[in-house]
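Biologist: Please take a close look at the salt bridges and describe the side chains that take part in them.

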Amino acid sequence: MTMTLRPGVVTADTEYGMALLDQSSGEYYTLNPTAAVIVRALLDGTTTHQAVTALTDQYDVSAEQVEEDIARILQELRDARLLTG
């Protein structure tokens, strides 16, 4: 799944992960380092399966947990209206 941010939403890497700024509302959202890895990967066109594999290779976490985390992060980004579609 390729993830695309809505026009007017910009990202910035931080020492604690990533920040997303909705320029139209002025609201910003912070992501922890693990969520930032997931979002960067999906924005770069990595599939969900590839992201799961990369995270399970890098961290001591199950594929099921990563899949749940990805689903939760994507839902939160949708709820905040930061994604297209």
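Modeller: Helices (H or I, at least four residues) and strands (E, at least two) are DSSP runs, numbered from the N terminus. This is a predicted model, in which local features need pLDDT of at least 70 and side-chain atom pairs count only at pLDDT 80 or more, while totals for chains, interfaces and linings use all residues. Residues are numbered from 1 along each chain as its sequence is written, and side-chain values use heavy atoms, with hydrogens and water left out.

The chain has three helices and three strands, in the order β-β-β-α-α-α. There are four salt bridges in the structure, each defined as a side-chain nitrogen of Lys or Arg within 4 Å of a carboxyl oxygen of Asp or Glu.

One of them joins Arg40 to Asp13, with the closest N and O atoms 2.8 Å apart. This pair links distant parts of the chain, since Arg40 is in helix H1 (residues 33-43) and Asp13, 27 residues away, is in strand E1 (residues 9-14). Arg40 is partly exposed at 29% relative accessible area, whereas Asp13 is exposed at 58% (buried means under 20%, exposed over 50%, partly exposed in between; 1.4 Å probe, protein chains only).

Helix H3 (residues 63-79) holds both Arg72 and Asp69, three residues apart, or about one turn. Their closest N and O atoms are 3.5 Å apart. Arg72 also meets Glu76 in a salt bridge of 3.7 Å, N to O; Arg72 and Glu76 are four residues apart in helix H3, so about one helical turn separates them. Within it, Asp69 is buried at 18%, while Arg72 is partly exposed at 42% and Glu76 is partly exposed at 45%.
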